[in-house]
Amino acid sequence: IESAGQISYIDESRCSGCAACVTVCAYNAITIDEECRIAVINEALCKGCGVCASTCRGTAIKLHGFEDEQILKILNTV
């Protein structure tokens, strides 16, 4: 069985540019766009570990395949 690689993404409307995610990313996949003051994820470097998503106080970072709605659907079918 193969699984597609999961990567994080930013909900730009929720990102405050606090850079907490930058400090916890072990893969240096996240930077702050100084002009817009929001986090930017380099998809080529992201390994989908989810540390940034769990650290984000504003819930601006999500992990593809692990959105709240998807998890609730799975739980409701079990």
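Begin by selecting Ile-10, Cys-15, Cys-21, Ile-30, Ala-39, Ile-41 and Ile-61, which touch the most other members among the 16 residues of the largest nonpolar core. A nonpolar core here is a set of buried Ala, Val, Leu, Ile, Met, Phe, Trp, Tyr and Cys residues joined through side-chain atoms within 4.5 Å. Buried means under 20% relative accessible area, exposed means over 50%, and partly exposed lies in between (1.4 Å probe, protein chains only). The elements that give two or more residues to this core are β2 and β3, and β3 gives the most, with three residues.

The model is predicted: local features need pLDDT of at least 70, side-chain atom pairs count only at pLDDT 80 or more, and totals for chains, interfaces and linings use all residues. Residues are numbered from 1 along each chain as its sequence is written, and side-chain values use heavy atoms, with hydrogens and water left out.

**The whole chain**

Now display the protein chain as a cartoon. It comprises three helices and four strands, in the order β-α-β-β-α-β-α from the N terminus on. Helices (H or I, at least four residues) and strands (E, at least two) are DSSP runs, numbered from the N terminus. Of the 78 residues in the protein chain, 29% are buried. Among its contacts (heavy atoms within 4.5 Å) between residues at least 6 apart in sequence, 55% join residues at least 24 apart.

Select residues 30-33, strand β2. Ile-30 and Ile-32 form its covered face, while Thr-31 and Asp-33 form the uncovered one. In a regular strand the side chains alternate between the two faces of the sheet.

Ile-32 stands opposite Ala-39 in β3. Four residues lie between the strands of this hairpin, in which Arg-37 takes a positive phi near 60°.

Next, centre the view on Ile-30. Leaving aside residues up to four places away in sequence, Ile-30 touches Cys-21, Val-22, Cys-25, Ala-39, Val-40, Ile-41 and Cys-52.

**The cavity**

A cavity is a set of points, on a 1 Å grid over the protein atoms alone, where a 1.4 Å probe fits but cannot get out; lining residues have an atom within 4 Å of a point. The volume of the largest cavity is about 100 Å³.

**Strand β1**

Select Ser-8, in strand β1 (residues 8-10). Ser-8 is buried, with a relative accessible area of 2%. Beyond residues up to four places away in sequence, Ser-8 touches Ile-41, Cys-46, Cys-52, Ile-61, Lys-62 and Leu-63.

**Two loop residues**

Finish with two loops. Asn-28 is in the loop between α1 (20-24) and β2, and Asn-28 has a positive phi of about 50° although it is not a glycine. Asn-28 is exposed, with a relative accessible area of 62%.

Thr-59 is in the loop between α2 (51-55) and β4 (61-63). Thr-59, although not a glycine, has a positive phi of about 50°. Thr-59 counts as partly exposed, at 36% relative accessibility.

Terms used
Pairing = 2+ DSSP bridges. 1 Å grid on protein atoms, 1.4 Å probe; cavity = no way out; pocket = protein on both sides within 12 Å on 5 of 7 lines; lining within 4 Å. Points joined across faces, edges and corners; volume = space filled by probe spheres on them.
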